[in-house]
Amino acid sequence: MEQKAELGKDLEIDRIIHLSLNYCIENNYGLAVYRLPASKTIHLIASKHHQIADHNNLNQLKPGYISAPFYDAFDNLKYIPADLHLTCELKNDKFTLNNIISGEEELEGYLFDEPKKVLLEELPSPSTLISQEKDKTQYIEYVNQCIEEIKDGRFKKVVPSRAKYTSLPDNFDIADLYCRLESSFPNGMINLIYLPTEGLWIGATPETLIEVDNRETFKTMSLAGTQKAQEDIELKNVLWRTKEIEEQALVSRYIINCLKKIRVREFEEEGPKTIRSGNLFHLMTGFKIDMEKINFPELGQVMLELLHPTSAVCGMPKDETEQFILDHEPINRKLFAGFMGPVNIDGNTNIFVNLRCAKIYKKHILTYAGAGVTIDSDPEKEFEETELKCQSILRHL
Ligand SMILES: C=C(O[C@@H]1C=C(C(=O)O)C=C[C@H]1O)C(=O)O
């Protein structure tokens, strides 16, 4: 093992992504490459034993990576055990292989093979392509339907979503895109996932769903409200309209209600404050709980089930808006607005809402985005907001 780690010092992240992705696509492995917010370490996890996992059993899972779709998340929670787990560290502006934590001989050996162009050719083409014009009119009509439901008093908030097809440039390189996202979203969770059943996805999400550190501390956040980031302003001076302040407060209230359901009263709340995610600003409130103090070791998995899907990606009330989305949304969200992240790696679990993400096809990229609609929404502005969210990935192609 030591000899391989030593050899690995010459391996750079783009080559590791190309070779591991080639291998995983060819051999039906599951792959996750991720970098946690504000970290200088990229992790790569791969295994041929990817499987459906029981969410009630998260604490007992061996180190690995989970990914669940928006719909029926808990029946479709995929788990990639960390049979191969290696890390790359940032040094002199380059991510280079640093450590092989667990080995998987065949794939590990393959990483030292000759570099090849990544096998996007092996990926399918999308089954339908929607014209840009139709995409916009369809979305605006859908937002209007949401506003009607709110006016009729059935919902307080709904988060309608759309998906945008764009052709990939001829010189597209998945590893280049990964590295650009990495430097553009210092506080985002940068992720690339390949699962034979889901295809290839890439993203840079700003939203933590649940974080459990050392089995001691639980964290979550309420994130909502969006505006285009300005360069010449300090975060503390960013101004927000009442619409966004109320929209984000609804998400905070939703989290507090989930905590009430399980009688957790002792929590720290910080915010709301403005955070930056690439080209956007959002409002964020952080929640923190001392799990040891309240003697609740299962809090992470219990809260995961209560929180998903939060009103940042679904709506209020939860069950009714989820059904409405299922019945009316013209797209299938698949992994978008689901959740994913590493479990039990170094004793920590970091699950994120899968936002600012895209599915990669043979010659196209499909970016997904939603916008929080309330009684004060202007459909045209909500469409523009989803455009900005899609651009947070597309501008790095
Ligand atoms: C739904 C998305 O983002 C969520 C919705 C937001 C909003 O409505 O302002 C902001 C951040 C996220 O919680 C998305 O990125 O597609």
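**View 1. Strands S3 and S5 at one end of the sheet.** In this predicted model, S3 and strand S5 (residues 78-81) run antiparallel and are joined by 2 bridges. Within this pairing, Gln51 stands opposite Tyr79 of S5. Both strands belong to an open sheet of 9 strands, whose order is S3-S5-S4-S17-S18-S12-S13-S15-S14 and whose pairing is antiparallel. Strand S3 (51-52) is an edge strand of this sheet, as is strand S14 (268-277), and each of the two pairs on one side only.

**View 2. The hairpin of S12 and S13.** Strand S12 (residues 208-213) and strand S13 (residues 217-228) run antiparallel, and 3 bridges join them. One of the residue pairs to look for in this view is Glu211 with Lys219, the latter being the bridge partner of Glu211 in S13. The hairpin has 3 residues between its strands, and Asn214 takes a positive phi near 60° there.

**View 3. The pairing of S13 with S15.** In the sheet order, S13 is placed between S12 and S15, and the pairing of S13 with strand S15 (residues 280-290) is antiparallel and extends over 11 bridges.

View 4. Helix H6 (residues 242-261) lies across S13, S14 and S15, and its direction runs at about 160° to that of S13. Helix H7 (residues 299-307) also packs on the sheet, where it touches S12, S13, S15 and strand S18 (349-353), and the direction of H7 makes about 175° with that of S12.

**View 5. The contact between domain 1 and domain 2.** The domain assignment of the chain gives domain 1 as residues 2-113 and domain 2 as residues 132-172 together with 206-394. The centres of the two domains, taken over C-alpha atoms, are separated by 26 Å. To the contact between them, domain 1 brings 20 residues and domain 2 brings 24 residues. On the side of domain 1 that touches domain 2, strand S4 (residues 64-68) gives the most, with 5 residues. The residues of that side of domain 1 divide into 13 nonpolar, 6 polar and 1 charged.

Note on methods:
Residues numbered from 1 in each chain as written. Predicted model: local features only at pLDDT ≥ 70, side-chain atom pairs only at ≥ 80, totals over all residues. Pairing = 2+ DSSP bridges. Helix = DSSP H or I, 4+ residues; strand = E, 2+ residues; numbered from the N terminus. Domains from an automatic or database assignment. Contact = placed C-beta atoms within 7 Å. Nonpolar A, V, L, I, M, F, W, Y, C, P; charged D, E, K, R; others polar. Axes fitted to C-alpha atoms, helices over the stretch in contact; angles between N-to-C directions.
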